[in-house]
Amino acid sequence: MDYQPHGYICKSCGNPAPMGIGYVVGGLAAAQASESINCCLCGYSRKPVTASLVPNGKRMDFLPQLFPGLYIHGEIYVYQNLESIADAYNGGYWNYYALSNGGFYMAPDIAETLHITVAGNFFDGDLSADAAGIVATLFALNRLMFKTAGTTLCDRLMNNFYALRDYAAEHPEHRGIYGAID
Ligand SMILES: [Zn+2]
């Protein structure tokens, strides 16, 4: 069977949509348009954000990418945050994740769920270690954004913050994550 180049358009706005989402449109131009985007103009057709574990050989580069310019502070803030919101957390190995939308996060390598209490916003509930790691990473990014307000570093931290927030929106525990950070 011959492969026919094709792309997709959004079922809501009719503009190019990411590959595999919406109505099929034939032609190379449509294929190129779909390949080049993660989201249509109206936001209805969007590619799900996926996370992949950062392999051992790339772990050295991870923290400077997650917390540009301030990675020593960022790492400490993540640990401090989780220690303050999860009673049962007492250190250990952390997994690093890179997101398909350009974001990053880190999460403790723990199988049990963690009991999370955020006094500042009355959150009290259980989260997986993965979701708790997302919360702690968002807190650290937020804190560094305040520290660097008005600088180009702040813009890069903000991009990472919103990329992770978008991923969190699609996470199975999104209610808990948003409850803990809002
Ligand atoms: Zn659309």
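Tutor: This is a predicted model, and its chain is divided into domain 1, residues 1-47, and domain 2, residues 51-181. The centres of domain 1 and domain 2, taken over C-alpha atoms, are separated by 32 Å, while the C-alpha trace of the protein chain spans about 55 × 35 × 35 Å along its principal axes.

The protein chain holds six helices and eight strands, and, read along the sequence, these follow the pattern β-β-β-α-β-α-α-β-β-β-β-α-α-α.

The part to look at closely is the pairing of helix H2, residues 59-66, with helix H3, residues 71-85, whose axes come within 8 Å and cross at roughly 90 degrees. Because crossing angles of 65 to 115 degrees count as roughly perpendicular, H2 and H3 are therefore roughly perpendicular to each other. On the H2 side the contact is made by Leu63, Pro64 and Leu66, and on the H3 side by Tyr71, Gly74 and Glu75.

Returning to the protein chain as a whole, buried residues make up 32% of its 182 residues. Of the contacts in the protein chain with a separation of 6 or more, 56% are accounted for by residues 24 or more positions apart.

Definitions and conventions. Residues are numbered from 1 along each chain as its sequence is written. This is a predicted model: local features need pLDDT of at least 70, side-chain atom pairs count only at pLDDT 80 or more; totals for chains, interfaces and linings use all residues. Domain bounds come from an automatic or database domain assignment. Axes are lines fitted to C-alpha atoms, for helices over the stretch in contact, and angles run from 0 to 180 degrees between N-to-C directions. Helices (H or I, at least four residues) and strands (E, at least two) are DSSP runs, numbered from the N terminus. Angles under 35 degrees count as roughly parallel, over 145 as roughly antiparallel, 65 to 115 as roughly perpendicular and the rest as oblique. Two residues are in contact if their C-beta atoms, placed from the backbone, lie within 7 Å. A residue is buried if 20 or more other C-beta atoms lie within 10 Å of its own, exposed if 12 or fewer, and partly exposed in between; C-beta atoms are placed from the backbone.
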